[in-house]
Amino acid sequence: MDIQEIFRQYPYFREAATAFVVIFVNICALVILIAAGRERRRGDRRWAKESKGYMLVCQGQTYPLSAAEILIGRHPSADICFPETEISRFHALLTFSNGRWQIEDAGAHNGVIVNGRRISGPCTLHRNDAITIGKRRLVVVKGERM
Amino acid sequence: MAKNSTKPLSHPLLLLLILIAHTAMMVLVIFSFGINAEVVKMAVAVLLADVAGSVILQIVQREACTVDTVMLLVIGMSTIYQSCFGGLSFALKHYIFGLAAFLMCQISYAVTRNPYRAERWKPAWYVLFFALVAAILLLTGSRSMWIDLGFITIQPSEFVKPVFVLIAASSIRTQLNKKTFLGIHFVPDNLMLILCTVVIAGLQWWCRDLGSLPTFVAVAGFGFLLRFCYLREKFSVRLIVFLAGCAVVAGVLAWKLAPAYVQERLHSDIWSDMSGTGYQQVKALTAVAEGGWFGKGAGNGTLIRVAASRTDIVFSTICEEWGLFTGMMTVILVLFLPASILTVPPRSYYHSGLAVGVAAVFMVQMTLNIFGSCNVIPFTGVTIPFISQGGSSMLSSGILAGFLKAAQAPVLTDPVLKKKGGA
């Protein structure tokens, strides 16, 4: 008997075949999701390696540098937010490019001080550098490898 | 253990799964049509594309494989759908545009994977945007969105979408670059986005093609939301309420001031005019109901006789022939593309903007298409990315998918700093 004839005579056979396709494609999607999850972990490792695993420490609190642009300021939308009034709403901008971290003044009234010197342009950051913003002192440290 | 869990799933395994998924679909096609030349052509073409795409990616680039894998899976599925609608005939044109979309994805990935460079090229995106707008105004027919070259028709408004997404994305550095004019502080980048939004909205109004307007408005809206709030989930509640209020006012104004034909669609009852304005939606809804959970079988549908069955109401056509389960599965797979950004978050704000813009385009288009077909909202006539027939839409979707890939595997090298040799 022709397969098309079987399909016509037994519609349940076609429904079962369709269900199999749907289930299999969904399994395929699930595997892609697992692959995406693994890509995320690889991405995190790559970022940790590329960005030297730097993070900022201030008064015992750690701020991981998880993106290539980190805004420090008083504004609630800032990535690292400090409430003190001597800190401007958008105080300093940390950027990552070409394998190094840089900090620059984002138009702050009280300026940004790195290792005791007030910066006037982008300043490359190294391990154990101290950044002073208002009364806050942030230290660049190398975090544990993820 | 931890080290092993971060090993990538190999391309061969993913390829094998895609091949089995497509083969299983083609077995269903063979059950409906038997083995003939068209089936063989379609099978060879789809499976060859899977293998070739996977091998090329394995050689060229081993990162951000989620977007590529989903694209290969979806393009193959849509080629099978389009080849079977209303009878078997290999959809060669759709297949070629699918391959071209995959290629465009790789090109747009290469162009935008460096967020610093992509943002520095913004003046070029503005020029491209206004060139496309001028092309729509000057080269399309009166109040139309199509350019007819004789052998092919191009819809330049589809290509405006990726360019608009590039314009809507922004970085913190750009937002901090404020200018002052007559005592008013402003960010030039934001002014340009407002200008481009007004221009594209005006153009769509003029061309009487308001179907795509929600897509552009969504991209601009999310672009501004990111500008005001940045990311990091630290949204200002007052700002959100204010923006939501503005959106409601704009929505009410648009509702009241909409042209007569839009008003007619907004207020029409499709069931009282089944052979007139409600014809397509009535047929589309009936087709979904007739298809049931498992469909009538590939090629056994009747919706293909209705206009735009391969484009604007393609969801209903799939549901009729392949069933509601398959239709929903297809939608979920396409949504995997923008959702992939949740698994691998972007590292730069410009890439975040691009990813959010692409998600806005995909989500709004799919919502308008599927809900329009099902009479939840008025019929708008936009396409489902990668599934609907149409070369311009397919290529545009490929470019947008490339942005998602770029956000997942960025290159953080500032070309200006590199030239200067450091700070």
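**A covered helix, a chain interface and paired strands**

Helix α15 of chain B, residues 314–322, is mostly covered, with nine of its nine residues buried (20 or more other C-beta atoms lie within 10 Å of the residue's own, the C-beta atoms being placed from the backbone). The model is predicted, so to speak of local features pLDDT of at least 70 is needed, side-chain atom pairs count only at pLDDT 80 or more, and totals for chains, interfaces and linings use all residues. Residues are numbered from 1 along each chain as its sequence is written, while chains are lettered from A and ligands numbered from 1 in the order in which they are written. Helices (H or I, at least four residues) and strands (E, at least two) are DSSP runs, numbered from the N terminus.

The buried residues of α15(B) include B:F315, B:I318 and B:W322. Helix α2 of chain A is one of the elements they pack against, together with α4 (65–84), α14 (279–291), α16 (324–343) and α17 (349–373) of chain B. Just after α15(B) comes B:G323, with a positive phi of about 100 degrees.

Turning to the interface, 48 residues of chain A are in contact with 55 residues of chain B (contact requires C-beta atoms, placed from the backbone, to lie within 7 Å). On the chain A side, at least two residues each are supplied by α1 (3–9), α2 (11–50), β3 (69–73), β5 (92–97) and β9 (123–124). The largest share, 27 residues, comes from α2(A). By class, this side of chain A has 27 nonpolar, 11 polar and 10 charged residues; here Ala, Val, Leu, Ile, Met, Phe, Trp, Tyr, Cys and Pro count as nonpolar, Asp, Glu, Lys and Arg as charged, and the others, Gly among them, as polar.

Strand β5(A) runs antiparallel to β6(A), residues 100–105, and is joined to it by six bridges. Within β6(A), A:E104 stands opposite A:L93. The hairpin of β5(A) and β6(A) has two residues between the strands, and A:N98 takes a positive phi near 50 degrees there. Strand β6(A) is also joined to β9(A) by two bridges, again antiparallel, and A:Q102 faces A:T124 in β9(A) as its opposite residue.

Chain A further holds an open sheet of six strands in the order β2-β1-β11-β10-β7-β8, with antiparallel pairing. Its edge strands, β2 (61–64) and β8 (117–118), each pair on one side only. Inside this order, four bridges join β10(A), residues 130–133, to the antiparallel β11(A), residues 136–142, where A:L138 stands opposite A:I131.

Definitions and conventions. Two residues are in contact if their C-beta atoms, placed from the backbone, lie within 7 Å. Two strands pair if DSSP finds at least two bridges between them. A residue is buried if 20 or more other C-beta atoms lie within 10 Å of its own, exposed if 12 or fewer, and partly exposed in between; C-beta atoms are placed from the backbone.
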